[in-house]
Amino acid sequence: MRLGAPYFVLLNLFLLFSSGVGSQVRTYAIQRSADEIKIDGELTEPQWEAAEIAADFTENYPQPGISSRYKSKVRMYYDDNALYIAGEMFDPKPDSVSYTLSQRDDWGNADWFAVTLDPYANNINAFCFSVTAAGVEYDALLYTDDSDVSWNAVWRSAAKRQDYGWSFEMKIPFSAVRFPNKKVQEWNVNFIRQVRRDRQKSYWNEVDPEVFGEITQAGKMVGMENVESPIRLSFTPYVTGYIENSFDEVAQKQTWGQRLTGGLDLKYGLNDAFTLDMTLIPDFGQTTSDKQILNLGPFEVRFDENRPFFLEGTDLFSIGGVFYSRRIGAQPFNRQAAEASVNDSIGETVTRSPGLAPLINATKVSGRTSSGLGVGVFNSIENRAFATIADSTGNERSVQVHPFTNYNVFVLSQNLKNNSTVSLVNTNVTREGGNRDANVTVGQTNLFSKDRTYLLNAEVKVSSIFEDQSPTLGHAVSVGLSKVSGVWRYGLSYDELSDTYDPNDLGFLYNNNTRNYYANVRWNDFTPGKYFLRKWISAGIYYEELYKPKLFSYGGFDYQAVGTFKNFLTVGLDGSVNPFGEVDHFESRRFGNEVRFKPNASIGGFYSSDYSKRFALDLRFWYKQFVNSSQKGANFEISPRVRMFERWFLVYSTSWDFITADYGYVRPLESSYEEDIILGFRNRIITENSLRTEFIFTKRMGVDIRVRHYWQQVEYYNFNRLLKGGKLVESDYNPTNADGASEHNTNYNAFTVDVNYRWVFIPGSELRVVYKNNIFNAKNELIPSYFRTFDDLFTQPQLNSVSMKLLVFVDAIYFKSRKQKL
């Protein structure tokens, strides 16, 4: 009997995802003790003497696979309420241990120890608890190939200098983690140590860098029995007071104001696996300022999420990439409605307009069952918002600019064998009053081979927009097959976005209507050689076209090479070549009128010295040249890092972009040209300077200062009319001011200062004092040099804000313990 080709394809796939190799897993047998200990970093209690010792760590970096030359002894035990971990970190040169202080959740420049706990032993996610030699605490949620440092738990630790090096103790309450409700517990666990001066990172259970995933290579903890999940209920009430000096658009002057806000964060363990997080009347006025820029392109700018509630514990909600939390509490949905309803004949003007939609609350419920089913539900509600319009006689009226809005995300994610998953995600936005509603549904699967060497991933998304009687449907499809472990790694991928796919009511997408094809290969060398500790080289080919109609966008190849020398100096080189040019189908703002760019090539590189030194330096550059054209671009960036002393750290960065003979769409300022598509030729200079400094008073108190100045100057010198097929013809459009300069010239400044004092006076409770200064200004007048921008920068309209926020952590277990004692 002859077997056809489809049979062999299926047979090969079966062998690929069912074969595997075994690996040795270490086991730690933990013991119970009812006696309490003092968390002081000294291992003097008898519990530590009786506990099993975990030792003989294996190096992961820089020389993977060899025994660590730094002796480590780690012990664990547990009682009814907590897990206790202690360690002795031996060092042949105790005076060389780095005890540098840093902020919480930042290892800084210190030696550190960490433990990873995977109570469900599913190799999908884990808890990480870490302490530095200086006693600074760090905790995070770990995933197969990512981490969430914003997650914070309430636990205790202490570190102590010793003649042999340093030691530590940790107490991790069972209320800080989630674990299965069963008599006998068997957790995945691993211990990690880093010696900062030579960057050595070692693990108790070996972690091979050639194997995909860190938490998938953990050891086992056995012997824990009869542990009940405690009441996981905590409240964090807070109150914030503001004194602000801001620009009043009506009075056209800076005015003072003050306000007082309060709210509550709540965390409740619904059962051993699921947790409810809620924020009521949230206040995010102390978050770090956005990095505003001058956007000349057709797509919106994506900003980072800085609000703690939307950062913490969002692993399930990030599946599918359709949840962009900055949509919540953003600009009002109908923010143009006020201006559109102004009656000029009676002298009406908009006297007050809310900048952000009022957020009432946000709630998350998430967890994973013992069978590996992850469930996540997110819901948030925004209230109505109104603008005020006044006429020349002082009569006022209100115009609704934002409807009552509900945001919802629902996630199901099932663990399969070999760290594989299959997931379903649904996001929904519902607005009152017949406004636009939206829904996006995602089906996703990630299938690993048994040895986690190969990964097959596939994803289907469907968007539905409800504005009329019938919904507008769109879809997105992606599929990829890649080798994710080993020295040689490679992959193929295909992505398709239909012209009607739109996830942007609760997601973020720059543009739809595309097909992307990509193939890449990467070679890794994890073994130190004569000059390098590690190095890798990658190359890829790519091609993009429109989904509908099927038209070319761009295609070419890219490359990158990175190496770390034995003195921890890291250098890299990268670049790309687009031999067929580029066709931008979106720049004209009118679909079907493409903007064409000539073939081009770019090259870039970076230099990064050893961060463990008191002085380190980062350099970065790139250069892009278009063939047979004066169009080109160049960038260079310099960033020195200085540790003035153990408590004071400073990073300065300056970046300069010079873009010559660039061209792009401009909106005509004269009505006679409104039917034309005008492209302006321009020279651009972009400068960004930033300074960040930290001064650490104690391991629980410090000041973080961030200053950023972004400046872009755009000078237009010619205008063309865009015709069908991408042809450009001269245009007589050229609006100028009294000085003969183009009215489209732009001089844009964004200046921000964020000063953040933080004192964690008890675990989970803190006092924050924040000062913010924001200046955003755009004008038509150009200046001869960057430094002239400061002539009048600080006289521009601005916001100055001083706020104080007090958060108090209240754990229900405390009241239960008091009641039992009484």
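Q: Which residues do ring pairs link into a cluster with W656?
A: Ring pairs join W656, F658, W711, F751, Y786, F787, F790 and F794 into a cluster. The model is a predicted one.

Q: How many aromatic pairs does the count come to?
A: The count comes to 50 aromatic pairs. One of them is F508 with Y510, an edge-to-face pair with 4.8 Å from centre to centre and 85° between the planes.

Q: Is F508 buried or exposed?
A: F508 counts as buried, at 9% relative accessibility.

Q: What angle lies between the planes of F597 and F626?
A: The planes of F597 and F626 are 45° apart and the centres 6.4 Å apart, and the pair is tilted. Planes under 30 degrees apart would count as stacked and those over 60 as edge-to-face, so an angle between these limits is read as tilted. This pair links distant parts of the chain, with F597 in strand β35 (residues 595-597) and F626 in strand β37 (residues 615-626), 29 residues apart. Both F597 and F626 are buried.

Q: How many salt bridges does a search of the whole structure find?
A: Side chains of opposite charge can pair when their charged atoms come close. Here the search of the whole structure finds 37 salt bridges.

Q: How far apart are the closest N and O atoms of R104 and E137?
A: In the salt bridge between R104 and E137, the closest N and O atoms are 3.9 Å apart. R104 lies in the loop between β6 (82-90) and β7 (112-118), whereas E137 is in strand β9 (residues 137-143), so the bridge ties together parts 33 residues apart in sequence. R104 and E137 are both buried.

Q: Which parts does the salt bridge of R682 and D662 tie together?
A: The side chains of R682 and D662 meet at 3.0 Å, N to O, in a salt bridge. Strand β40 (residues 678-698) holds R682 and strand β39 (residues 648-666) holds D662, so the pair connects parts that are 20 residues apart in sequence. R682 and D662 are buried.

Q: What is the relative accessible area of R788?
A: R788 has a relative accessible area of 43% and is partly exposed. Its side chain meets that of D791 in a salt bridge, at 2.5 Å from N to O.

Q: Which residues do salt bridges that share partners join into one network with R431?
A: The network consists of R431, R436, E467, D502 and D505.

Q: Where does the charged end of R431 sit?
A: The charged end of R431 sits over the ring of F333, 4.0 Å from the ring centre. K364 lies over the face of F309, at 4.4 Å from that ring's centre.

Technical notes. Residues numbered from 1 in each chain as written. Predicted model: local features only at pLDDT ≥ 70, side-chain atom pairs only at ≥ 80, totals over all residues. Heavy atoms only, no water. Salt bridge = Lys/Arg side-chain N within 4 Å of Asp/Glu carboxyl O. Helix = DSSP H or I, 4+ residues; strand = E, 2+ residues; numbered from the N terminus. Buried < 20%, exposed > 50% of the residue type's maximum accessible area, 1.4 Å probe, protein only. Phe/Tyr/Trp six-rings, centres within 6.5 Å; stacked < 30°, edge-to-face > 60°. Lys NZ or Arg CZ within 6 Å of the ring centre and 35° of its normal.
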